[in-house]
Amino acid sequence: MFHNWILIGLLTVITYLSRIIGVEIMAGRKMSPTLRLYFQYVPIAIITALIIKQIFIPTDGQLTLSLPVLIGCLSTAIIIRITNWFLPSVAIGVMAGLFTRYFFI
């Protein structure tokens with residue numbers, strides 16, 4: 001158990017240092033419009049990959065659709081599109097996913 005905490009601490013320090021080094025290298029530099037456009041799409045790509053991985057669950061060598069996660073994501077997307085409120089939309093999406101999981105599946 002103690003080794004796990006050492007590993008978590010080391011990974012925390014390494015992750016923090018990698019972020020600080022990146023910020024220090026990029027601070028004050030002018031980026032080309034192409035590179036700036038690339039960095040604008042990186043967070044969207046990462047979030048999309050994480051969401052798709054949660055929606056499609058690998059079971060027995062095949063991908064299975066997780067209906068609660070899909071409904072939670074869709075309800076969040078619809079509500080955030082209508083209201084432009086991020087946190088309440090996520091909370092409602094989580095509740096929709098939990099409601100689907102416990103009452104329909």
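1. Basis. The model is predicted, with local features needing pLDDT of at least 70 and side-chain atom pairs pLDDT 80 or more, while totals for chains, interfaces and linings use all residues. Residues are numbered from 1 along each chain as its sequence is written, and side-chain values use heavy atoms, without hydrogens and water.

2. Helix H2. Helices are DSSP runs of H or I with at least four residues, strands runs of E with at least two. H2 has a kink of about 30° at Tyr-41, shortly before Pro-43 (the angle between axes fitted to the seven residues ending there and the seven starting there).

3. Annotated spans. An unreviewed UniProt entry lists residues 6–26, 38–57 and 85–104 as "transmembrane region"; such annotations may be inferred rather than shown by experiment. Residues 6–26 are 100% helix, with end C-alpha atoms 30 Å apart. Residues 38–57 are 90% helix and 10% strand, with end C-alpha atoms 29 Å apart.

4. Aromatic pairs. The structure holds three (ring centres within 6.5 Å; planes under 30 degrees apart are stacked, over 60 edge-to-face, the rest tilted). Tyr-38 and Phe-39 pair edge-to-face, at 5.3 Å centre to centre and 65° between planes. Phe-99 and Phe-104 also pair edge-to-face, at 5.7 Å and 70°. Ring pairs link Phe-99, Phe-103 and Phe-104 into a cluster.

How values were computed
Phe/Tyr/Trp six-rings, centres within 6.5 Å; stacked < 30°, edge-to-face > 60°.
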